[in-house]
Amino acid sequence: MGRTSDARERLTKATIDLVWQASYGAVGVDAICEKAGVKKGSFYHFFASKDELMVAALDHHWETRRPFLDAIFSPARPPLERLRLYFAHVHERQIEVQREYGRVLGCFHNSVGTECIKQRPELAAKVQEVIANFRRYLETALRDAHADKVVRPGDPLADARALFAYAQGVLLQARIHDDPSLLCELPVVGFALVGVDPPSPAKPEAKRAARPSPRRRDARA
């Protein structure tokens, strides 16, 4: 089985890789164990079921994304700068994903959620929890933007939902067409949704500032 100390993590990472590229229904425990280098009998030492593993994978994936989002949405940044960096990050990361996996994969959590929303309530609840946490970054930025009067008057929560839904829709189209360039329009339409003109393109140092402190890169979306 290899070192038991990291077998659980290897199982969650293998699940993310396989499910994200295919689907939850198409990936079985045998394939996950093979990719992770873990014997099937040992799988059940860590997880009672494939669903339980998937919940752990969703949590693990979210934890890999939080440092990036914390850096991008730092309260020290002006709110519109946070949004600009977010749009740029979504585009850049799908380019990295395409380079690593051979195609654009879009949002991992939404992919799982759309497949499991009815048949697997535990997975659906976890996806909804993660999406709510993700959307809260946008909501906070928009609340600050409203307080600074740099966007049109409105409801920050409603704006955050609309902005998140738009971004996810474009990510889905980018996956369908395997074309990350579709994400170039995110800032133009995204800022229009909240009633402002898109800021100027990011300077290289601003892009670097949006990254978390150096450590092993996990490019999963």
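Modeller: Happy to; we can start with the overall fold and then go down to single residues.

Modeller: Please keep in mind that this is a predicted model.

Colleague: Good to know. How many helices and strands are there in the protein chain?

Modeller: The protein chain has 10 helices and zero strands. Read from the N terminus, its elements run α-α-α-α-α-α-α-α-α-α.

Colleague: And what percentage of the residues count as buried?

Modeller: Of the 221 residues in the protein chain, 48% count as buried. The accessible surface comes to about 10900 Å², and carbon and sulfur atoms hold 53% of that.

Colleague: How much of the contacts comes from residues 24 or more positions apart?

Modeller: Taking contacts in the protein chain with a separation of 6 or more, 70% are between residues 24 or more positions apart.

Colleague: Which residues is Val130 in contact with, leaving aside its neighbours within four places in sequence?

Modeller: Those would be Trp62 and His109.

Colleague: Is Val130 buried or exposed?

Modeller: Val130 is buried, because its relative accessible area is 2%, and the cut-off for buried is under 20%.

Colleague: Switching topic: how many salt bridges does the count come to?

Modeller: The count comes to 11 salt bridges. One of them links Asp6 and Arg10, where the closest N and O atoms are 3.2 Å apart.

Colleague: Where do Asp6 and Arg10 lie?

Modeller: Both are in helix H1, which covers residues 4-21, and they are four residues apart, about one turn of the helix. Arg10 counts as partly exposed, at 22% relative accessibility.

Colleague: Which residue does Glu9 form a salt bridge with?

Modeller: Glu9 pairs with Lys13, and their closest N and O atoms are 3.0 Å apart. These two also lie in helix H1, four residues apart, about one turn of the helix.

Colleague: Are Glu9 and Lys13 buried or partly exposed?

Modeller: Glu9 is partly exposed, since its relative accessible area is 37%. Lys13 is buried, with a relative accessible area of 16%.

Colleague: What about Arg84, which residue is its salt bridge with?

Modeller: That one is with Glu81, and the closest N and O atoms are 2.5 Å apart. Arg84 and Glu81 are three residues apart, about one turn, in helix H5 (residues 79-101). Arg84 is buried, with a relative accessible area of 9%, whereas Glu81 counts as partly exposed at 21% relative accessibility.

Colleague: Which residues do salt bridges that share partners join into one network?

Modeller: Asp59, Lys126 and Glu129 are joined into one network that way.

Colleague: Nice link. Now the cysteines: how many disulfides does the count come to?

Modeller: Zero disulfides. Cys33 counts as buried at 4% relative accessibility, and Cys107 counts as buried at 13%.

Colleague: And the loops? Where is Lys149?

Modeller: Lys149 is in the loop between helix H7 (121-147) and helix H8 (156-177). Its phi is near 60°, a positive value in a residue other than glycine.

Colleague: Last one: which residues form a nonpolar patch on the surface?

Modeller: Val188, Val189 and Leu193 do, with about 190 Å² of accessible area together. Leu193 is in helix H9 and is partly exposed, its relative accessible area being 33%.

How values were computed
Residues are numbered from 1 along each chain as its sequence is written. This is a predicted model: local features need pLDDT of at least 70, side-chain atom pairs count only at pLDDT 80 or more; totals for chains, interfaces and linings use all residues. Side-chain values use heavy atoms; hydrogens and water are left out. A salt bridge is a side-chain nitrogen of Lys or Arg within 4 Å of a carboxyl oxygen of Asp or Glu. Buried means under 20% relative accessible area, exposed over 50%, partly exposed in between (1.4 Å probe, protein chains only). A disulfide is a pair of cysteine sulfur atoms within 2.5 Å. Contact means heavy atoms within 4.5 Å. Accessible areas come from the Shrake-Rupley method with a 1.4 Å probe; for residues, only the protein chains shown count as cover. Patches are made of residues with over 30% relative accessible area and no salt bridge: like charges are joined within 9 Å, nonpolar side chains (Val, Leu, Ile, Met, Phe, Trp, Tyr) within 5 Å.
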